[in-house]
Structures are given as C-alpha cells and as structure tokens.
Amino acid sequence: MDIDYIFEDVVVKPSNAPKFILNGEEIDIWSEEFLPYHSKSIVEYVREALLEYEKRGEDPFPEIVGKAVEKEMVKNALMSGSNILFRGRKGYGKTTFSKAIAKLLPEKLLAIKGCKIHDDPTHPTCFACKRKVLEEDVVELTWVPRKWIRIPGDPMMTTRQLIGGISIQKIREGYDLDHPEVFTPGRVLKAHRGIAYFDELGAIPSALQTLLHELLEEKQITTPEGDIVPMKIDTIFIASTNPANYKGVADIKEPLMDRVEEIPIGPPETLEEEIEIGLRNMSLREGAILPSWHLRILARIVRLARNKNECRIASRIELEPSCRATIKLFDHLRASATRKGHKCAMLIDYGRNYEIVKLALRSRIELDYEEDEMSKDDVIVKLTEEAINKTCAEIYSLIPRDSFGKLMEDLSDLCSEPISVEDDIDFRRYENIYKILTLFAKSPEELNSAFEILLEAIKRCTGLIDKVDFGRYVYAGYDWEA
Ligand SMILES: [Zn+2]
C-alpha cells in the first residue's frame, strides 16, 4: 500500500478537484456562495472579523464587562496570529473571554463529511481525507458549526486523550485509514478549524506540553515509535492558568511559554463593573427587585475581601473571592427576599446574622489560619458590616443639609414608637421622608427597602435612630423600655 501522500501537503484546486456534493447536490465550492466557508485559516478569519469591527468602531467582545486594556491586548495578539495565555484567578472571566474570541469565527464552515476533525475540502489534514480528495471522484461535504473546544488541564491526561492515536505501523500492516486503531483524534485535533481552549495549561503533564509545542510549532508530532507524522492542524490556541505559586498548579514549560502571549486577567476594576458582571450572570432571573444600595453592599463585601490595603480584616484572607461570589450573593439575596414575599430586597433578607452572605462566601474564601477568636464566619460578618457602613454613608450623604431637620421631624412623628420596615406605610403622608426616599428609590416597590436603608444610615451615621429589634427601628428620643 502506498502511504506516501500521508506525508504530503495535499492542496485541492479547481483543476484537480473531485465532484463536491452537499446535501445530495453537486456544488461549486469556489462560487461566491461557498467561498467564505473554506480555504482560509482560523487566524485569517479572526483577523478579517477584527478589522471589520475596527472599521465600524465596535467592540468585538461586548460580553466582557470593562477590561479595556486587556481587550486591546487580545485584539493585537490575534491580529498578529499569536496564541494567548490568560493568567489570573478563577472566576475573573478567562473562559468567557476565550468564548468571545471564538465568536469572531464564521458561524459555520464547510467540511469533508465523515471526517473526525472536520477537514477543509481544499486542504485536508487527516490521512483518510487526503486519500478521499486524491483518489475518489465524488466527495461529500457537510456544514460544521463554529468550534470552541475546552481541554481541561488534567495531570492524569494521556497522549491519546490530548493528541490522539496515530499508528503508522497499522497503516503499513494494511489497515484502512479510517480504522479507529489507525487514527483516533484527541482533544487538540478536535479543535482543528476552531478555538482550542486549554483550561489550566500548567496542569498538563510536562511531557505532553512538549508534544503540544511540537504540534503548534512544527505542525507535526512524533509517535512513541519515533515516526514523525505531519499534523497541520489549524487552530488558535487560548490557554488559561492561575497565578504562579498558587497551590496545586504546575508551571508551564519554557518552550511553550515562548509560543504564547501572556495577558493578565484580574478582578473587575470598579464597583460598577463588579455589579454589572454579577447582574449579567445571575441564575435567578426573576423575583424580588435588587435595589442599587443592596447591589452596592453585596459587591462591596466581595471587593473588601480582596482589598488588603483598604480593609484590615482582608489581610486574613488568603484565597480571595472571585466574581462568582458576587453572582451568588445577588442570587441568594433575591432568593431570600422572594421567599419572604418581599417585592424588593431588604437588609432583613440577609438574615439575623447575615446567613445568606455566609452561604455565598464560606466556600469561596480561605483564611491564612482559623482561630477561635476570629473564625471565617466572623470575618464575613466584619466584611458585611464594613460594606453596610460604606453604603450607608453614601445614602446619608444624599440627604441635603437643609432638609435634615425637617426629615428628622417627620421621622420623630412616624417612628415615635418602634416601627417595622415591613409595615404598610403611606410614605406620601410624610412629605419630607418621601422626598428623600425618592432621591434613590426608583419605583414605589422600592420604598420600604429605601426607608429601611435610610433608617439604618441615620442610625449608623448619627445615632438619632435606634434599632430595637431585627427590622424594627425607633426615633432615638423614644424611651421604648418604659
Ligand atoms: Zn479528515
């Protein structure tokens, strides 16, 4: 059996092409209708798409919140035809970014039907397709949707799983090229004509990293028997890794590092971006309103936990919470408020001892050490208190100075006896309270929650309001023990 062409670069042109059949009909793949879906490399498709976005002045990655500098670096690296390594902690959007890059590819491509790696009809890579286009008169084609293949960084990964199995020996023995024992594509080959996303590249065994390097750079691999097999796979290689020294993560080998552009991906830069990411990714899409002040409190808890400079208690936190903590906090507050029948989330929905905050954070932060005086729960309570303080200070600063006296007059009237924030209160009867509440409440449903945070803000900032019980406040002049 002649196997020479296995090692050849096979290129199909109109002059040497077989008949191409798509859905039972012969097609001219070089016609205007089909030309955009073959013959170009993945890098070329991405480059063209990026230039189109640049021309229109549009952001090619609208699903990524903020990260303007990182987006610029990604665009430049892709234009240069480079592979990318995202370095950053889990939960800061590395996967989302790689998926956004895949969206720059055409929605579908033309491929040789039955090919395990969806070969291009004009430039096949696998042995079976090379033979098909050279030896057969008719070759069937099919559409394949755009590909984003995640390859998890697994320390136990085998060559077979990663690259696949190729046996030159079996071909020499006369096995058919389609035979599974001759060629079984691994994860990387499945990413041919798509995006290969290596989640935790550093966790892949170093011997495999060497193979990967050979595949990316030389477009060939060496089998365990020593045969060199051409594997001209066409992909953009996007990888992610955790910051160095993070426990359990091996390093990426130098030759591989030399073939990628490293782009750091950190936490959201602003509170507003943190909130936007939280809102976009919540799983509880309906239910109680989450008013701006509670979004700020919850996002702040997470940001304080990351900020060792601003927040003393954060210095105890070794593993900082990612945006997933923010997302889950939003989900849990909405869940709690909705379960209690509140139209709008309130402070009392956090639980008497901020149980919903603990629910979202316990598994997402690690302390440097645990001790009796300051447990993880204690740290979470302190972070929550601090976030409430900061947000209450913002609410308090919204009260115009010349309105404060009148506001307190109304409050001394309405709260002369302990009042529950869940009560049905006709705020319109208290003009000065209503005026302040509508400064930040966006709808009538938010009024009770706004009233609660206003009372909490005055309590924390002036002491003129007392909290008598969970969710119950009173004007401080009232002697409620009598
Ligand atoms: Zn093929």
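1. In this predicted model, helix H11 (residues 292-306) and helix H12 (residues 323-339) have axes that come within 9 Å of each other and cross at roughly 140°. The crossing of H11 past H12 is right-handed.

2. Which residues of H11 and H12 meet? From H11 they are His294, Leu298, Ala299, Ile301 and Val302, and from H12 they are Ala325, Thr326, Leu329, Phe330 and Leu333. Sorted by class, this contact holds eight nonpolar residues, two polar residues and no charged ones.

3. On the domain level, the protein is split into domain 1 (4-264), domain 2 (271-397) and domain 3 (401-475). The C-alpha centres of domain 1 and domain 2 are 41 Å apart. Six residues from domain 1 and six residues from domain 2 make up the contact between them. On the domain 1 side, the residues touching domain 2 are two nonpolar, two polar and two charged.

4. Strand S1 (residues 19-22) is paired with two strands, described here in turn. With strand S5 (residues 138-145), S1 runs parallel, and four bridges join the two. In this pairing, Phe20 is placed opposite Val139 of S5.

5. With strand S2 (residues 25-27), S1 runs antiparallel, and the two are joined by three bridges. Here Ile21 is placed opposite Glu26 of S2.

6. What lies between S1 and S2? The two strands form a hairpin, with two residues between them. Asn23, in the turn, has a positive phi of about 50°.

Terms used. Residues are numbered from 1 along each chain as its sequence is written. This is a predicted model: local features need pLDDT of at least 70, side-chain atom pairs count only at pLDDT 80 or more; totals for chains, interfaces and linings use all residues. Axes are lines fitted to C-alpha atoms, for helices over the stretch in contact, and angles run from 0 to 180 degrees between N-to-C directions. A crossing is left-handed if the near helix is turned anticlockwise from the far one by less than a right angle, and right-handed if clockwise. Two residues are in contact if their C-beta atoms, placed from the backbone, lie within 7 Å. Ala, Val, Leu, Ile, Met, Phe, Trp, Tyr, Cys and Pro count as nonpolar, Asp, Glu, Lys and Arg as charged, and the others, Gly among them, as polar. Domain bounds come from an automatic or database domain assignment. Two strands pair if DSSP finds at least two bridges between them.
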